[in-house]
Amino acid sequence: MRSPKDFFRPLAVGAPEPVREIPFRPSRMLHFFPPNNEKMRSKVPSLVGKVDVLVANLEDGVPMAEKDAARAGLVDVAQNVDFGSTQLWTRVNSLDSPWCLADIRAAVIEAGHAVDVIILPKVEGAEDIHYADRLIAQLEAEAGLTRPILLHAILETARGVANVEEICLASPRMQGLSLGPADLAANRRMKTTRVGGGHPDYLVRSDPDPDNPDADRATFQQDLWHYTIARMVDACVMAGILPYYGPFGDIRDTTACADQFRNAYLLGCVGAWSLHPDQIAVAKEVFSPSAEQVSHARRVIDAMGDGTGAIMLDGKMEDDASVKQCQVVVRLAEQLAASDPELAALYEMGS
Ligand code: GLV
Ligand code: MG
C-alpha cells in the first residue's frame, strides 16, 4: 500500500518533484532520427522549429555495432543544438537489453538538460515503469536536474496491452503511450508483416445475392489496429496522459499513412511517429483540426450560449454534450495556434 500523498514525492533525495499534470505541448509528429549517422545528425538543427518533437532513436533500427555511437550522437546533439520550441526525446533500448542502463544514464546525466521525454520500448507492466522511474530519479539527483524527465511507453507486447491501465497509472512521470504495431504484431503472432497500416486480407464480405449467389460480393477492409488504439486511448485519458499512433512503414504511401493517422486522431490520439521527412507534413495536417472543423465548433459554442439546453442548428440537434465535443476541437486549435503562427492565422486566433 502507498499513500496517494507519496505519489508526488521525488523517488530519490535531490531529484526534482514529479509533475502533477502532463503539460500539453504540440507533439503531432515524433520525428525519428538515427543519432549514430553523422549525416542525419547534421540535419537536426534544420529540423528545429519544423517538427514538434525530435526523437533520437537508440533502439531498433540501430545496428548492434553502432549502439555506442548512437548514444554518443544523442549526447552530441543535446549538448550542441539549440532546440528552441522543438522537444528532444530519445528512445532507449529495452530494459532487458545490454544497452539500456548506459542509454538511460547518458540520457539523464549527459543529455538530461535538453531531453524532455525518454521513450521506453517493450513495456510489459507497471514493474517496468517503477524500475525506470526510480532509476531516472537517482540519475536526475546526480545530474542536479531541476525539472523531471518524463516517460513514454511503447505498447508492443500482448502483456503490455493486457496491463495498459496499470502502465499508464504507474507513475506521475508517465507522459503517454505509442502503439508499436511491428513488435506487437510479432509478439501476438499476428500474420501481417507490415509496419503499421491495414491488411487487405482483414475484411468482412457482404451476403450473397439470393437471386445470383455466384455474383461477386463486395468486401470491406477492416482496421487491424482499431481495438488496440481504442483501448490505449481509454487507458491514457483515464490517467491524464497522451496517446499516439506509432510508425507507418510504407513511406511512399502517404495516402494510407494519412488514413491510419486520421483514424487515430479521430479516436483521440494527439500525434504519430514520422520516419521520413515526407511523413512530417502528413502528421501535421492530420493532427491539426481543419479551419472548417474549428469554425463549425465555434458556431455551435456561440449558438449554445451558456452551454446548456438543446437547440437546432442546420437541422441538427446540439446540446450540453455536443458543445463539449466542440470545445475539444477549439481547445486543441488554441493550444496548437499558441506556438504556430500559420495555424493561428488559419483559425483567426492571435498567436
Ligand atoms: C515500433 O517500435 C514497433 O515495433 O512498431
Ligand atoms: Mg518496436
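# Ligands and aromatic rings in a predicted model

Q: Which residues surround ligand 1?
A: Let's start at the ligand, keeping in mind that this is a predicted model. Look around ligand 1 and you will meet Arg91, Glu156, Gly180, Pro181, Ala182, Asp183, Pro247 and Trp273.

Q: Which residue has a polar backbone atom 2.8 Å from an oxygen atom of ligand 1?
A: For Pro181, a backbone N or O atom lies 3.1 Å from an oxygen atom of ligand 1. For Asp183, the distance from a polar backbone atom to an oxygen atom of the ligand is 2.9 Å. The value of 2.8 Å belongs to a polar backbone atom of Ala182.

Q: How much of the accessible area of ligand 1 does the protein cover?
A: Think of ligand 1 on its own first: its accessible area is then 190 Å².

Q: Which residues are the protein donors of the magnesium ion?
A: The magnesium ion is ligand 2, and its protein donors lie 2.1 to 2.2 Å from it. One donor is an OE atom and the other an OD atom. They belong to Glu156 and Asp183.

Q: Is Asp183 buried, partly exposed or exposed?
A: Buried means under 20% relative accessible area, and exposed means over 50%. Glu156 has 3%, so this residue is buried. Asp183 has 26% relative accessibility, so its class is partly exposed.

Q: Which residue's side chain makes a polar contact with that of Ser178?
A: Ser178 sits in strand S6 (residues 174-179). With a relative accessible area of 0%, Ser178 is buried. Its side chain is joined by a polar contact of 2.7 Å to the side chain of His152.

Q: How many aromatic pairs does a search of the whole structure find?
A: Now for the rings! A pair of aromatic rings is described by the distance of the centres and the angle of the planes. Searching the whole structure, the number of aromatic pairs found is six.

Q: What kind of pair do Trp89 and Tyr244 form?
A: This pair links distant parts of the chain, with Trp89 in strand S3 (residues 87-91) and Tyr244 in strand S9 (residues 242-244), 155 residues apart. Trp89 is buried at 0% relative accessibility, and Tyr244 is buried at 0% too. The ring centres are 6.2 Å apart and the planes stand at 80°, so the pair is edge-to-face.

Q: What is the angle between the ring planes of Tyr265 and Phe287?
A: Tyr265 lies in helix H10 (residues 254-267) and Phe287 in the loop between helix H11 (277-286) and helix H12 (291-303). Their ring centres are 5.9 Å apart. The pair is edge-to-face because its planes are at 85°.

Q: Which residues form one aromatic cluster?
A: Tyr265 is buried, with a relative accessible area of 15%, and Phe287 is buried, with 1%. Both belong to an aromatic cluster. Its members are Tyr245, Phe261, Tyr265 and Phe287.

Terms used:
Residues numbered from 1 in each chain as written. Chains lettered and ligands numbered in written order. Predicted model: local features only at pLDDT ≥ 70, side-chain atom pairs only at ≥ 80, totals over all residues. Heavy atoms only, no water. Phe/Tyr/Trp six-rings, centres within 6.5 Å; stacked < 30°, edge-to-face > 60°. Helix = DSSP H or I, 4+ residues; strand = E, 2+ residues; numbered from the N terminus. Buried < 20%, exposed > 50% of the residue type's maximum accessible area, 1.4 Å probe, protein only. Near = heavy atom within 4 Å. Polar contact = N/O pair within 3.5 Å; in protein donor to acceptor, adjacent residues only side chain to side chain. Areas by Shrake-Rupley, 256 points an atom, 1.4 Å probe, with all protein chains shown as cover. Donors = N, O, S within 2.8 Å, 3.2 Å for Na, K, Ca; no water.
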